[in-house]
Amino acid sequence: RGPARSRSKVHAVSTEGQGNEPVSLVLGGDGFCGWPTALHLSENGHKVIIVDNLLRRKIDEELGTQSLTPIKSPEERVAAWKEVSGKDIEFINMDVSQSLSDVMDLLEKYKPDNIIHFAEIRAAPYSMKSPGNKAETVRNNLIGVHNVLIGMLEHVPDAHLIHLGTMGVYGYGTVDGAIPEGYVNVCMGEKEMEIVAPYHPGSVYHTTKCLDNVLFNFYVKNDQLRITDLHQGIVWGVETPETSRDPRLVNRLDVDSDYGTVLNRFAVQSALGLDITPYGTGGQTRAFINIADTSRCIRIATENPPERGERVKIFNQVAESHRVRDLAGMMQGLSPAGSQVKNIPNPRNEKPENELEVINQNFRSFGWDPVLLDDGKAQELVDTIVKHKDRLITKNLNPSSFWGKKQQDACKDLEVDPAKAPAL
């Protein structure tokens, strides 16, 4: 079955007349990337309105899992931020993929300068879990994006849409040399032209991000909307300077096999003395970025919008690349409980080994100096996990979503033995 859908909506109090600060709607602002971004923008002078239907929390219930960190309700979160910062953030419970008229009303009311779009089902494994999940990922992601584009065209044609995409649109091991930032020069017969880099998505989730980009290019060409598409790498870490100001502001930390990113999953295995489990050979090389840099990059994007009529801006939002087995080795070395690396069958249909070089000069040109992964940063992550280890649901660590029957059969004998985890 697919995920549940929310139809509820809460109308927030108007913020008109509260100054000339940029107004930024953060769609999906209760999530792993959205929440710290909302705080960072607020801290840097934006009037922030979070719009979220809490689907990510409902998916936790569906999967029988939970954030390893104990996150508060949206209402408690924004109240805590007001208490520690003196700044207001509004929260609106709304599903932008359900009602076009609600989205139109939202944009007409707030007249945002920036629309930060995180409000998509974001996990590749979850999108491959069942026929229902595949269908709902496409419906939710594409209709949500399209509703926002229509609303922009009607009510805020000068607003700047900043969409969180993924490096997965390019695929891995598909090109020689470095992955470009969105565009490549080609010859069509005798004519030289610049086109969007070819798509090679590896899941239904990644495919929706490619289709988002097709919609963006149409609305820029036809209606001169201002759009930036950020192809982000795998996010690691949990805290940012803003979320660390009060325990009630803590960011969510997903470590299950559907939503937990690879480094965060390895960190929890390392912290608890469980086997660290790269998929296949562990030879997959992927791009990474720290969660605090996600927020910083979004802010930089708000400060550097395209002009009306300018092509879709595409930035590769990545800091560095790592091979998965090297990350496993790093986390093994930091394990306080003697974890060992144990390769397991790959639930995904992907190349077992690849090289990866990514161009990321656009953000660099604006002075971005990213946080890089080292033993000290990885140790901070392990320490956070140890602090909340009693909240871990170990049965959700091994793969439960598969790209096909072949992968499912290969993984059928996997299990996690909680007894292997010593008391810490």
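1. Helices H6 (residues 131-155) and H7 (residues 204-223) pack with their axes 10 Å apart and at an angle of about 20 degrees. H6 is therefore roughly parallel to H7 (angles under 35 degrees count as such). The crossing of H6 past H7 is right-handed.

2. This is a predicted model, in which local features need pLDDT of at least 70 and side-chain atom pairs count only at pLDDT 80 or more, while totals for chains, interfaces and linings use all residues. Residues are numbered from 1 along each chain as its sequence is written, and side-chain values use heavy atoms, with hydrogens and water left out.

3. Which residues make the contact between the two helices? On the H6 side they include Val 138, Leu 142, Val 145 and Leu 149, and on the H7 side Leu 211, Leu 215 and Phe 216 are among them (contact means heavy atoms within 4.5 Å). The residues of this contact divide into 12 nonpolar, 4 polar and 3 charged.

4. The whole structure has 0 disulfides (a disulfide is a pair of cysteine sulfur atoms within 2.5 Å). For Cys 210, the nearest cysteine sulfur belongs to Cys 33 and is 18 Å away. Cys 210 counts as buried because its relative accessibility is 3%, whereas Cys 187, at 54%, counts as exposed (buried means under 20% relative accessible area, exposed over 50%, partly exposed in between, with a 1.4 Å probe and protein chains only).

5. Thr 69 lies in the loop between helix H2 (55-63) and helix H3 (74-85). At 1% relative accessibility, Thr 69 is buried. Leaving aside neighbours within four places in sequence, the contacts of Thr 69 include Val 238, Asn 251, Leu 253, Thr 384 and Arg 391.

Definitions and conventions:
Axes are lines fitted to C-alpha atoms, for helices over the stretch in contact, and angles run from 0 to 180 degrees between N-to-C directions. Helices (H or I, at least four residues) and strands (E, at least two) are DSSP runs, numbered from the N terminus. Angles under 35 degrees count as roughly parallel, over 145 as roughly antiparallel, 65 to 115 as roughly perpendicular and the rest as oblique. A crossing is left-handed if the near helix is turned anticlockwise from the far one by less than a right angle, and right-handed if clockwise. Ala, Val, Leu, Ile, Met, Phe, Trp, Tyr, Cys and Pro count as nonpolar, Asp, Glu, Lys and Arg as charged, and the others, Gly among them, as polar.
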